[in-house]
Amino acid sequence: MNSGYFITVEGPEGAGKTTILNMLTEQLQADGRKVIQTREPGGIEIAEQIRKVILDKENTAMDSRTEALLYAAARRQHLVEKVKPALEQGYIILCDRFIDSSLAYQGYARGLGIEEVYSINSFAIEGMMPKLTLFFDIDPVLGLERINSNKGREVNRLDLEGIQFHHKVREGYHLLLEKFPERIVKIDAAYSIEDVFNEAYLKVNELLSSN
């Protein structure tokens with residue numbers, strides 16, 4: 001049995017999840033918790049190399065199934081090399097994106113099928129699911145406006161997709177919210193950073209104090 005906590009954050013582009021994740025990490029560490037913050041795809045060297053391939057703006061010819069398989073490959077390596085060992089040592093893992101991203105982006109928005117993409121990832125994760133997933137929900141128009149106003153943010157291949165794609169991503173997340181209500185918690189990301197952080201911190205503390 002893992003003694004740590006695996007917590008993931010999800011959401012469309014521009015939802016502010018990375019900012020909130022940074023704040024959660026700082027606060028939990030200040031609370032005396034053992035915390036590791038990481039991201040997908042990435043988090044370790046091999047997965048970061050795969051990330052560069054996936055998000056490279058020049059790779060516009062990438063097939064949707066190739067994209068899904070690359071995410072699953074990066075996910076597998078990240079799990080075995082970083083997440084599982086840290087959980088066994090009792091750490092709280094805060095991960096920026098996980099399997100739900102693949103289901104929403106490739107499974108639903110790309111039209112590959114949620115169940116089909118879940119099958120690919122089941123092979124990769126071997127039943128390793130988060131204890132809690134915070135879904136930061138935001139209208140794609142507002143999310144993309146945030147991205148465009150943030151000049152320091154990396155612009156990747158997914159940011160170049162049309163608005164309809166981003167609407168589909170959000171729809172996909174709402175389907176997942178219905179599918180996994182025991183794990184996924186929706187947080188309205190249109191509010192101020194402070195309000196969003198406070199709600200996220202409350203949900204995380206509820207998990208930590210219930211076990």
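User: Leaving aside its neighbours within four places in sequence, which residues is Leu176 in contact with?
Analyst: In this predicted model, and setting aside neighbours within four places in sequence, Leu176 is in contact with Asp100, Leu103, Ala104, Ile114 and Ile184.

User: And which residues have the most contacts inside the largest nonpolar core?
Analyst: Those are Phe6 and Leu176, in a core that has 37 residues. Several elements each supply at least two residues of this core, namely α2 (45-55), α3 (64-88), β3 (92-96), α4 (99-109), α5 (114-125) and α7 (163-179).

User: Which element gives the largest share?
Analyst: The largest share comes from α3, which contributes eight residues to this core. Apart from this core lies another one of 24 residues, including Tyr5, Ile20, Leu94 and Val196.

User: Switching topic, how many helices and strands does the protein chain have?
Analyst: The protein chain has eight helices and five strands, and from the N terminus on its elements run β-α-β-α-α-β-α-α-β-α-α-β-α. Its radius of gyration is 16 Å, close to the 17 Å that the globule rule gives for 211 residues, so the chain is as compact as a globular protein of that length.

User: What share of the contacts comes from residues 24 or more positions apart?
Analyst: Such pairs account for 80% of the contacts with a separation of 6 or more, and 48% of the 211 residues count as buried.

User: What about charges, how far apart are the mean positions of the positive and negative ones?
Analyst: The mean positions of the 25 positive and 32 negative charges are 2 Å apart. As for the surface, the chain exposes about 10000 Å², with carbon and sulfur atoms supplying 50% of it.

Definitions and conventions:
Residues are numbered from 1 along each chain as its sequence is written. This is a predicted model: local features need pLDDT of at least 70, side-chain atom pairs count only at pLDDT 80 or more; totals for chains, interfaces and linings use all residues. Side-chain values use heavy atoms; hydrogens and water are left out. Helices (H or I, at least four residues) and strands (E, at least two) are DSSP runs, numbered from the N terminus. The radius of gyration is taken over C-alpha atoms; the globule rule is 2.2 Å times the number of residues to the power 0.38. Buried means under 20% relative accessible area, exposed over 50%, partly exposed in between (1.4 Å probe, protein chains only). Contact means heavy atoms within 4.5 Å. Accessible areas come from the Shrake-Rupley method with a 1.4 Å probe; for residues, only the protein chains shown count as cover. Lys and Arg count as positive and Asp and Glu as negative; His and the chain ends are not counted. The place of a charge is taken as NZ of Lys, CZ of Arg, CG of Asp or CD of Glu. A nonpolar core is a set of buried Ala, Val, Leu, Ile, Met, Phe, Trp, Tyr and Cys residues joined through side-chain atoms within 4.5 Å.
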